[in-house]
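Look over the sequence and the model before reading on.

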Amino acid sequence: MSDVALVSNPNVGIDKSEENKKYVNELTTLNLGPTHPATHGIFQNILTMDGETIIDSEQTVGYIHRAFEKIAERRPFYQITTLTDRMNYCSSPINNMGWHMTVEKLLGIDVPKRAQYMRVIMMELARIADHIICNSVLAVDTGAMTGFLYVMQWREHIYEIYEELCGARLTTNMGRFGGMERDFSAEAIRKIKHFLSEFPKGLREFESLVKRNRIFMDRTTGVGAISSERALNYGFTGPNLRATGVDYDVRVMNPYSSYEDFEFEIPVGTTGDTYDRFLVRGEEMWQSLRIIQQAMDNLPEGPYHADAPHYYLPPKQEVYNNMEALIYHFKIVMGEIDAPVGEVYHSVEGGNGELGFYLVSDGGRTPYRLKFRRPCFIYYQAFPEMIKGSTLSDAIITMSSMNVIAGELDT
Amino acid sequence: MTNEQIAQDLVAKFGEDKIYGIMENYGLLNVTTSVDTIVPLLHYLYQHPTFKFQFLTDLAGIHFPDAVGQELGVIYHLHSLENNVRLIIKLYVPIESPKVPTITGLYATANWMEREAFDFYGLIFEGHPNLIRILNVEDMDYHPMRKEYPMEDATRQDKIDALFGR
C-alpha cells in the first residue's frame, strides 16, 4: 500500500533539497493509515518526519466514499433519510431531522410545536452521544481508558431512548417529513427523565477523572492549536470553531425547530487547542442537558406530526380500512409524489458544526441536485497546518479532538 | 442590510450585465455572475465595510445538460457572520471548456471544495494549487456527477432475472 501511495503522490516523499539540510535527522516518510487504530476511521496520512517531528503531511480521503449525492438523485425524498444516517453516524438523528426540515421548507409544511420540541430533545441527545464519544475517545488516545469505559454506558442509555422512538440504534432513520413517526411512549419519557437525572453524575465523574487531570492537561494544552482567523478562513464550524473563540452556532444564528424558545449558552474557548476543544464539547453537553430539561418541562400537547397526507405516511391500521390512506400510502412508498420546483438551503448545528443541505428540485420525484455541506470534510483540510511541527502523538490527539468522522467526510 | 440593498449595491458596482438572475429563494438572495467577475466580486464582498461576506460556507457544482453553452455551474454559498446574512452566487460555464478561476487565494477552505467539484463535475479551477481528485479513485476517467451518467433506472423493464431483477 505504501508503495502505491508514494508513486501516486510524487509531491510527497523525502525531499533532499537544500532547504531540508537544516533538519537534524534524515527525513523519513511515514504512512499513517488508511487503516490504523489511532485514526478512528479510514484516513491516510503520509507524514514527512524529522525524527519525531512532523515536517509535512498529505491527506488522502475518500476510502469509504459511497456516492450519496449521486444516489440521492435517483431516490424519492423519503429514501434519502437513510443516506443521511450514514454520514455522521455518531449523531444520526441530527442528520435525519436536518434533512426533514430541508424538505419541509421546500414543501411548505408547518410542523406542530410538539413535534419540534420532540425533535429538539432527540437532537440534543444525539449531540450528547456525539460529544461523549469524541471526548472519551480523546481521553483514550492520551492513555486514559477508564473514563471512556465509565461514560460509554450513557451513550447506551441514549441509544435505548432512540430505540423507544424509532426502533433503531445507530442509523436511526428517525422522524418523517412533517414530524415524528410516533409520539413519546411512557417508557420513552421515563427513560429520558432517568437520563436527565442520572447522566449529570456520570458526566461529572468523567470530568473529575479527566478535566483537571495533570497528565491529560499536559498532553492536550497547546496541542493542535489554530487561530480564529485561520479557522474561519478554513470554514470551521461547530465546537472546533467555538474553541478558537468565535461564538457561531446555527442554533442561535438561524434558529430552527423552536430553538429560540430555549435558554442556553454557547461555550467558547480561547486558544483553539485540543484542550479547548475538549472543554467546549464538555460544556456543550451540559447546555444540551439544559435544553432537554426545558423541552421536557414545556413539552406542548397536541399532534406530533403535521397534517400533510401527501408526504406523511398514514397509520398502518388505516391503510387497510380507508381508501384515501391506502392511496397515499402507496403513492408515498412508491415515490410517486412530485415535489415543487425550488432551491432551498437549510442548515442545522450538527455534532461537528454546520450541517447544510442544498437541495435543487426540478419538480420531479427525486432531487435534481443535493449537496451536503459536511463540516468534517471542510475542516479536515486544516489538519496538515495544525500538526505541522508537532510530534506524531500530538497529531493523533489533534485528529481525535477534531472529531473527524470518516462517514461524514467521504459521504 | 437587506437582500435588496446587497443586490442594488452589487449591480451598481459591477453592472447589470455582470450581476443578473437576482432572486430570493426562501429568504436567501441568489445572484448569477460571469466567470471573469467572480474573483473581483468575492474580494469586493470580503472587503466591503458593511457586508463582510468573509465565510465561505460551501461550494457546489451542478450540471444542466439542456442549457447549451452554460451546462456546468458553480454555486458559492457565502455567509456574513457579522450581519448573519447568507448569499448564493452562481456562475455557469460551457462544458467544452469548464474553466473557472480559483478562489483558494481568498478562502483556504475552497481548496478541497474545488477539488470535489473538479472530481465530480470536471470543473477546471485555474490556479488551484493541487487540482486532483479527492473522493474518487485517481485513475477514474470521467466525472460521475454529470447527468449523462445515470444511476440505474428504478423503473427499467429489461431486468427480468428472477434473482437479481426487481
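## Charged and polar links

This is a predicted model. Between chain A and chain B there are 6 salt bridges. In a salt bridge across the contact, the side chain of E73(A) meets that of K147(B), at 3.0 Å from N to O.

Which elements of chain A supply two or more residues to the side that touches chain B? The helices are α2 (68–72), α4 (92–107), α9 (228–233), α15 (375–379) and α18 (406–410). The strands are β4 (341–349), β5 (354–362) and β6 (369–373). By residue type, this side of chain A divides into 18 nonpolar, 11 polar and 13 charged residues.

## Extent of the contact

Chain A brings 42 residues to the contact, and chain B brings 47. The area buried between the two chains is about 3,900 Å². Carbon and sulfur atoms give 56% of that area. On the chain A side, the residues that lose the most area to chain B are K70(A), R74(A) and Y368(A). Together these three make up 17% of what that side buries.

## The fold of chain A

Chain A has 18 helices and 6 strands. Its C-alpha trace spans about 80 × 45 × 35 Å along the principal axes. The radius of gyration of chain A is 23 Å. A compact globule of 411 residues would have a value near 22 Å, so the two agree.

Of the 411 residues in chain A, 61% count as buried.

## A closer look at S257(A)

S257(A) lies in a loop of chain A, between α11 (250–253) and α12 (274–297). Is this serine, S257(A), buried or exposed? The relative accessible area of S257(A) is 10%, and the cut-off for buried is under 20%, so S257(A) counts as buried.

What does S257(A) touch, leaving aside its neighbours within four places in sequence? The contacts of S257(A) are M101(A), Q116(A), R119(A), V120(A) and M123(A). With Q116(A) there is also a polar contact: the S257(A) side chain reaches the backbone oxygen of Q116(A) at 3.2 Å. M101(A), another of the contacts of S257(A), falls within the span of α4 (92–107), one of the elements on the side of chain A that touches chain B.

Key:
Residues are numbered from 1 along each chain as its sequence is written. Chains are lettered from A and ligands numbered from 1 in the order in which they are written. This is a predicted model: local features need pLDDT of at least 70, side-chain atom pairs count only at pLDDT 80 or more; totals for chains, interfaces and linings use all residues. Side-chain values use heavy atoms; hydrogens and water are left out. Contact means heavy atoms within 4.5 Å. Buried area is the accessible area (1.4 Å probe) that two parts lose on being put together, summed over both. A salt bridge is a side-chain nitrogen of Lys or Arg within 4 Å of a carboxyl oxygen of Asp or Glu. Helices (H or I, at least four residues) and strands (E, at least two) are DSSP runs, numbered from the N terminus. Ala, Val, Leu, Ile, Met, Phe, Trp, Tyr, Cys and Pro count as nonpolar, Asp, Glu, Lys and Arg as charged, and the others, Gly among them, as polar. The radius of gyration is taken over C-alpha atoms; the globule rule is 2.2 Å times the number of residues to the power 0.38. Buried means under 20% relative accessible area, exposed over 50%, partly exposed in between (1.4 Å probe, protein chains only). A polar contact is a pair of N or O atoms within 3.5 Å; within protein, one must be able to donate a hydrogen and the other to accept it, and residues adjacent in sequence count only if both atoms are side-chain atoms.
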